[in-house]
Each structure stands twice: as C-alpha cells, then as structure tokens.
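Work through the exercises below with the sequence and the 3D view open. Try each task before you read its solution.

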Amino acid sequence: THGETPPEALVAATNLATILLLNHKAAEAEGFARKAFVGHKRARGGDHETTVRSAVLLIQVLEANGKVFDAAQIKRQYAARISALGQESRRMSHHAPVRQRLDVDVDHE
C-alpha cells in the first residue's frame, strides 16, 4: 500500500535502534525506535507482538534520553500487553529478530 514502510526497513530500524541503545547512543536511536514502533503499529495493529516489542524498545530509548513523560504515556497505553508479552517471552522468545530484554517497569493502577 502507498506510504507503508516495507517490513525489512522496520526490522532494520529496530535493529539499528537496539544497537545504538546498547552502545549508549540513545539520542541517535530515538528516530529509528519511533519509526519502527509507528510502522509496526500501522502495519500490524497495536496488539501484535512485534508492535509491543517495538513499544518496549521505544520506552527504553525515551527513558535513556530523559523523556520520562513520553515513555510513561506509552507505558500506560501498553501496560497490559507488555506484561503479557513478558510472561509469554519466557516460553516463545525466538520470534524476535533481535533479542530484547522486557524489563520495563509497568505501574499497575
């Protein structure tokens, strides 16, 4: 479809953001993490595992950049899905192109 980012570009953006974050270059990672999250959400919907994983990555990048308010908004929106994915990932973590730690603290209200 017109304007949709190809899946391989989303995977590349996710991988670049992850590598940059792991190398303490969160400022450079943010654009890639945001592109991956928005692209996956648009292509697959908000509940898809890949979208949730990209949300976790974006939260980690935003927190590393000191943008805790932005990170908190995504955390609130995805709290239940992140929690469910964290439980599921112990059994089925082999689907992710880049292994991510799902260690985002989610505040349950």
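Helices (H or I, at least four residues) and strands (E, at least two) are DSSP runs, numbered from the N terminus. The model is predicted: local features need pLDDT of at least 70, side-chain atom pairs count only at pLDDT 80 or more, and totals for chains, interfaces and linings use all residues. Residues are numbered from 1 along each chain as its sequence is written, and side-chain values use heavy atoms, without hydrogens and water.

**Exercise 1. Find how many helices and strands the chain has.**

Solution. Step one: count the elements. The chain has four helices and zero strands. The order is α-α-α-α. Step three: check burial (buried means under 20% relative accessible area, exposed over 50%, partly exposed in between, with a 1.4 Å probe and protein chains only). Of the 109 residues of the chain, 38% count as buried.

**Exercise 2. Describe how α1 and α2 pack.**

Solution. Two packed helices are described by the angle between their axes and the distance between the axes. Axes are lines fitted to C-alpha atoms, for helices over the stretch in contact, and angles run from 0 to 180 degrees between N-to-C directions.

Step one: take the values. Helix α1 covers residues 7-22 and helix α2 covers residues 26-44. They pack at about 150 degrees, with their axes 8 Å apart.

Step two: classify the angle. Under 35 degrees counts as roughly parallel, over 145 as roughly antiparallel, 65 to 115 as roughly perpendicular, and the rest as oblique. So α1 and α2 are roughly antiparallel to each other.

Step three: list the contacts (heavy atoms within 4.5 Å). On the α1 side they include L10, A13 and L20. On the α2 side they include F32, A33 and H40.

**Exercise 3. Describe how α2 and α3 pack.**

Solution. Step one: the axes come within 8 Å and cross at roughly 155 degrees. Step two: α2 and α3 are therefore roughly antiparallel to each other. Step three: name some partners. Among them are A29, A33 and F37 in α2, and L57, L58 and V61 in α3.

**Exercise 4. Which residues have the most contacts inside the largest nonpolar core?**

Solution. A nonpolar core is a set of buried Ala, Val, Leu, Ile, Met, Phe, Trp, Tyr and Cys residues joined through side-chain atoms within 4.5 Å. Step one: the largest one has 20 residues. Step two: those with the most contacts inside it are A33, L57, L58, V61, I74, Y78 and I82. Step three: find the sources. The elements that give two or more residues are α1, α2, α3 (49-64) and α4 (68-89). The largest share, eight residues, comes from α3.

**Exercise 5. Is V61 buried or exposed?**

Solution. Step one: locate V61. This residue lies in helix α3. Step two: V61 has a relative accessible area of 0%, so V61 is buried. Step three: look at its contacts. Leaving aside neighbours within four places in sequence, V61 touches L21, A26, A29, E30 and A33. Step four: compare sequence and space. V61 and L20 are 41 residues apart in sequence and 9.4 Å apart in space, C-alpha to C-alpha.

**Exercise 6. Where is H24 placed?**

Solution. Step one: H24 sits in the loop between α1 and α2. Step two: H24 has 77% relative accessibility, so H24 counts as exposed. Step three: check the backbone. Most residues other than glycine have a negative phi. Phi of H24 is near 60 degrees, a positive value in a residue other than glycine.
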